[in-house]
Amino acid sequence: MQKEEIFTILMILILLSSSVNGIATSTPEPIMNLVLELPRGSPYFHEALYIAHNLRNIGIEVDVKTSCDYIWWWPPQILHNYDLFIEDLQGWGSPDLRDVYTGPSNRFGLGPDLPYYNQSEQIINDAVTEPNGINRIQLYHEWQNLMMDQMVPLLPLFSPKYYSCVWNNTQGYDISWGLVESLPYMSYEENHDGQVNLTEFNLASIIWNDLNPMFTESISSYCYYGRVDSSRKIIDLITEPILQVDPDNIPTHTGLVIDWQQVDPFHYKFFMRENVFWNPSLNTTTRDAESESLLNAPLMFGLKGESSNGTNQLVSAKDAVFTLLASANPVCSDISKRFSWISNCYVDKNDSLVFHIEIDGDINTPEKEPYMDFWSLLKIPILPEFFLNSTSPTVTYTTGGAQCTGLSSEIVNSPQWVAFSTSAFGCGKYLLDYVIRNSITVLQKSPYWFGVGAIDGQVDMVLSIDTLNIRVIPDRYAELFEFKSGKLDLLDLTLFVEEREDFWRDGRWEVQSCIKEFMSYLGFNLRRPAIGGVDNFIYLTESGKENYTVGSAVRKAICYAIDRDIINQELYDGVHLISNSLMNPYWSRYYYDDIPTKYDYNLDLAWEWLEAAGFQNSLSTTEPNYYQLSLILGLIVLFMFTRRRKMKQPNIERLSDK
C-alpha cells in the first residue's frame, strides 16, 4: 500500500471519528432522580427494574428500593421518602372506588386542595347514587377520563388471569367460587404423590395479622396476585358472610340471608336462615399440636358474660345488625367509610330473624340518595353480637349517621376484642385449632356448621376434609417445590408463567383459570416535589395545555415513557391484560377501555409533556458536522477513484521483461 493511500485512510478514520462523536447521543446528568419503593418480597421487583430502565430514555433516573413494611395510612400532609410505588388494586365486590381515591387515607396524597379533586369527588358521588344504568356508566366514564387525563395519580399496569393447580385426585374444586365455597363439594379419589392423609388439605400462604374482619380488610388490600395475608382466608373458613354472592357478584339465596324485599328505593328488608348456631367460643391461644381434643378447650366469655358451646347461641338478625353497624362505626372499624351508605339498620320488632337497612347514598345532601353498590358489600363476615357487644349505654354514630349503643373507642382494647383477634370463632365450616407463628395454622371441621352449599344450595352437606393446614411459606418458589413434592394440595400458578405449560401437559395435575377483581398499578406520591408538590398548582402556558399543571405534565410524561407491552411480553409471556384506566377491568360494564387518554408507549409524547413542563430534551442528538461529512465522502470517492486508476495501469517492468 502506498504512503498516499495510508494517509488518506487515516484522514478518513480521524474525520469519521470526530463526526460520529458530533452526532452521538450524549449521557448528561438526569433531569430528575426518583425513588420507587417496594415492600420486601414484592413480586413487582422485575417490573420496577423495567420501569426504571424505560424512564432513563427521558432522562429520569429511578432508584428501586425495598423496605420491610408499607405505611398503610397515608395522610396527604405526610411526605414519604419515595415518589413511586407499585401496588395492587384489589376490589371489594363493587365499582365504588371512593375508599381508594378519596378521603385522607388514600395512597396517592389526593386531597381537596389539588386541582380537579373536588370535581372528581362530585362525579363519583353522582355515579354511585345514579339509579339509571346508562347515566351511571357515563358518569363513571367521565370520572375515569378526568382522573387519567388531568390528575394522573397512577399508571395502570396489568390485570392478570389467575391460575390455580390441584392434584388430579382432587374432586369438586372450582377456582371461580374459591376454596372456601368449594370445600363442601371436595374430596379425594386416592392418594397423590407425597400425600399421606385423605382427610387433610394442605396449602400455603403468608403470615396472618388479625382475625377480626374490621381490622383485616385494610391490611389485606395490599396483596400480590391475590396472595393476601392469610387473615381473611382464615376468617372466611371459620365464619359465613351475611349475604352470599356468586362469582359475578349476584346475590344468592344459599347463605345466611335467604330472601329480601325492597320496601322503597331507600329501605330493604332481609330474612335470615333458621337454626344456624354459633360455633363454640373456644380459647385456642395456648394450644399447640400436642394439645388435647379441640372441643375440650376452655370457652371464652364475651362482654355480656355469655359464651357459645355450639348449640346455645343462634345466629340471628341482631348479629347481622351489629356487624353492619360496627363495621360502619369509625370508633371500632378500619373500614367504616365503605359503609357510609347505611343511614339506619335495625332488627324487625316482630321477627328476630329479620333486619332492615335504610340507605342514603350521599350523606352530604339533605335528601336521601339511592346507593346501587351495596349488595356485594353485604358479603361481610358476620360477627357474634353476644360476644363483642357491650351493655354500656354509650352512644356513638356510624359514618352514615346511624346510632350505635354499646360501641366506644375503648371497646377495641377490651380483653374480649383482643382475644377475638387471635382466637376468633364464627358460624362457618371450620374451627381454629392452633397456631404456630411463622409456621402453620391448623383448622378442624365444625360439627355445628349448618350444611348448605353456597354453589347450588344443596342441604345436609358433610365436609370430607377434616383438617386444613395453612403453612407459612413466603417464598413462592419454595411453595412451588413443596407442591411438586406432594406436600401441598393447592398451588397459585399465576406468577409461574414458564412452569404453567408443564402443569397443563402433566396428567398429574388439573389447572383452572379465571378473571378476578384485581389490577396492578404504578402509583405516584403527588406530594413529592419532583412529580407533584407545588407543581400541582402551577399551570402550563403552552397553547392547548393550559388546563394541565406542571406536576400532571411530568406524570403524563412518565406514563408515556413506560413500555407496558414489552414488560408484559418479557415477564408474563404476553398473557396479562394491559389496563387503561384506574378502575379494574373486571367491572367491564363501567370500565372505560376506550378512554380518550391512553398511555401507550410514545417517547415523542413523553418529551412533549416534559418540555411543556419546562424540561429540555438533553438526550436528543447534536447537529451533525456537515462540512466533515462532505469531506469524508470526498476523500472516500477520491480514494476509490485513485485505486481504480492504478489497477487499470499496465505494469511497465513486467512488460519490458517479456
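Predicted model: local features only at pLDDT ≥ 70, side-chain atom pairs only at ≥ 80, totals over all residues.
**Notebook: rings and confidence**

I began with Tyr140, which is buried at a relative accessible area of 0% (buried means under 20% relative accessible area, exposed over 50%, partly exposed in between, with a 1.4 Å probe and protein chains only).

Residues are numbered from 1 along each chain as its sequence is written, and side-chain values use heavy atoms, leaving out hydrogens and water.

Next I looked up ring pairs: rings of Phe, Tyr and Trp (its six-membered ring) pair if their centres lie within 6.5 Å, and planes under 30 degrees apart count as stacked, over 60 as edge-to-face and the rest as tilted. I found a count of 36 aromatic pairs. Tyr140 and Tyr590 make a tilted one, with 5.1 Å between centres and 55 degrees between planes. Tyr140 is in helix α5 and Tyr590 in the loop between β22 and α16, 450 residues apart (helices, H or I, at least four residues, and strands, E, at least two, are DSSP runs numbered from the N terminus). Tyr590 is buried as well, at 7% relative accessibility.

Then I checked charges over rings (NZ of Lys or CZ of Arg within 6 Å of the ring centre and within 35 degrees of the ring normal). Arg107 has its charged end over the ring of Phe85, 4.5 Å from the centre. For Lys556 over Trp609, I noted 5.0 Å.

Last, I read the pLDDT (the predictor's confidence in each residue, from 0 to 100). The chain averages 86, and 85% of the residues score at least 70.
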